[in-house]
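Please consult the sequence and the 3D view while reading.

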Amino acid sequence: MTDKLNELTAAGVAVWLDDLSRVRLSSGGLDQLRREKHVAGVTTNPTIFAKALSDADEYNWQLRDLAIRGVDVEEAVRMLTTYDVRWACDVMRPSYDGSAGVDGRVSIEVDPRSAHDADKTVAEAKALWWLVDRPNLFIKIPATEEGLSAITDTLAEGISVNVTLIFGLDRYSAVMEAFLTGLERAKANGHDLSTIGSVASFFVSRVDSEVDKRLEKIGSDQAKALRGKAAVANAQLAYERYTEVFSSDRWKALEAAGAHPQRPLWASTSTKNPDYRDVIYVEELIAAGTVNTMPESVIHAYADHGETRGDTVTGSYDAARKVFADLESVGVDMADVIATLEREGVEKFEASWQELLDGVSKSLKAAGTGEGAPNKAAKGNAKAAEKAGGA
């Protein structure tokens, strides 16, 4: 049988898993995906943790110990999530070592409630870096306007960063600027640039969901013909900007000092519309030097019937620009689309974070009183957390 995921990897796309739980770790499932499905990294977010902590008895012993210690819920969440991420970093360490520090990365996100507070974001990034204490960690920072300076300041400390919740091209350009400035400052601070990694998580399927909703409302045949085209075109034009920035003299100076480029990471790549091919956001975004982080279902779908047709991004830029022009011509305001998605993205992760806090709070109380398995109290939050979605 053809190893389709190996073909994807050979085409320059790093396959990452958009999920983590203690069951996946303790069962050996993550290591199996690394060894058998070419999974070379892991991303997490508040939604993933909210679901993981509400679904498994694996956390009970730690919840019980935290309850005995009398820790508050904020500290408990940090202890629970960093434990899992530290373990995942150890599982992925062979990929990290085998790729000279490029892959094998595991991400943990700062508290999304701090998305508009740069100083607090940096402080938390430093605390998480210290708590996990693994070289293959990524700290996820949302790409809000306030997050841009936090990205630079965090990188300047020698801390690796996964920039998340990028939806628009202009914001993506600002993220790359923040990355370059951060590395320049890291170099001035005496850090070894070869140890600092970064990806820029450009969200995909959510763009189609929002644009398609607007096209349906417009209702014309011309508008309906554009459904399912915006997300891929948006990502393709992002890759064009990536190639421009990372061929510049400014980048070459950093590269000569040992720096690795900030790779584009295609996030939210599960298909939300059942009318679309389930691996469309993998097949249509194949390009060298990229990452595609997928739920396990998409990984298995690609292994079963994905088609690696070579580079499907480079050379598509004019066609992608035409998609944008056509969207504008039928009345879709892409600037408003992007602003809406960023606002909703932060709100969804804030909601998931609150679900996580509420669930852990109930579990701590149950553990402290001995009233049943601690995780049972949190199960009511699982479905609500799943609705937040995204990578």
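I141 is buried, its relative accessible area being 0%; here buried means under 20% relative accessible area, exposed over 50%, and partly exposed in between, computed with a 1.4 Å probe on protein chains only. This residue is found in strand β4. Helices (H or I, at least four residues) and strands (E, at least two) are DSSP runs numbered from the N terminus.

Outside the four places in sequence on either side, I141 is in contact with V110, T121, G147, A150, I151, T154, V161, N162, V163 and T164, where contact means heavy atoms within 4.5 Å. The C-alpha atoms of I141 and A52 are separated by 21 Å, and the two residues are 89 residues apart along the chain.

## Basis of the model

The model is predicted: local features need pLDDT of at least 70 and side-chain atom pairs count only at pLDDT 80 or more, whereas totals for chains, interfaces and linings use all residues. Residues are numbered from 1 along each chain as its sequence is written, and side-chain values use heavy atoms, with hydrogens and water left out.

## T43 and its contacts

T43 lies in the loop between β2 (39-42) and α4. T43 is buried, with a relative accessible area of 2%. The side chain of T43 makes a polar contact with the side chain of D18 at 2.8 Å. A polar contact is a pair of N or O atoms within 3.5 Å; within protein, one must be able to donate a hydrogen and the other to accept it, and residues adjacent in sequence count only if both atoms are side-chain atoms.

Neighbours within four places in sequence aside, T43 is in contact with W16, L17, D18, D19, I48, S107, N162, L265 and T293.

## Aromatic pairs

The structure holds eleven aromatic pairs. Rings of Phe, Tyr and Trp (its six-membered ring) pair if their centres lie within 6.5 Å; planes under 30 degrees apart count as stacked, over 60 as edge-to-face and the rest as tilted. One of the pairs is formed by W16 and F138, which is tilted, with 6.2 Å centre to centre and 40° between the planes. W16 lies in strand β1 (residues 13-17) and F138 in strand β4 (residues 137-142), so this pair ties together parts that are 122 residues apart in sequence. Both W16 and F138 are buried.

The rings of F179 and F246 have centres 6.0 Å apart and planes at 50°, so this pair is tilted. Because F179 lies in helix α10 and F246 in the loop between α13 (230-245) and α14 (249-256), the pair ties together parts that are 67 residues apart in sequence. F179 and F246 are both buried. They belong to one aromatic cluster, formed by F179, Y239, Y242, F246 and W251.

## Cavity and pocket

The structure holds two cavities of 30 Å³ or more. On a 1 Å grid over the protein atoms alone, a cavity is a set of points where a 1.4 Å probe fits but cannot get out, and a pocket is an open set with protein on both sides within 12 Å along at least five of seven lines; lining residues have an atom within 4 Å of a point. Grid points are joined across faces, edges and corners, and a volume is the space filled by probe spheres set on the points. The second largest cavity has a volume of about 40 Å³ and is lined by N45, P46, F49, R78, T81, I108, E109 and W353. The elements giving two or more residues to this lining are α4 (46-55), α6 (73-91) and β3 (105-109).

The second largest pocket has a volume of about 290 Å³. Its lining comprises 14 residues, of which L169, F324, M334, A335 and I338 lie nearest its centre. Two or more residues each come from α10 (169-188), α17 (317-330) and α18 (334-369), and the largest share, five residues, comes from α18.

## Positive phi values

H38 has a phi near 65°, a positive value in a residue other than glycine. H38 is found in the loop between α3 (29-36) and β2 and is partly exposed, with a relative accessible area of 24%.

For A100, phi is near 60°, again positive in a residue other than glycine. A100 lies in the loop between α7 (93-98) and β3 and is exposed, with a relative accessible area of 56%.
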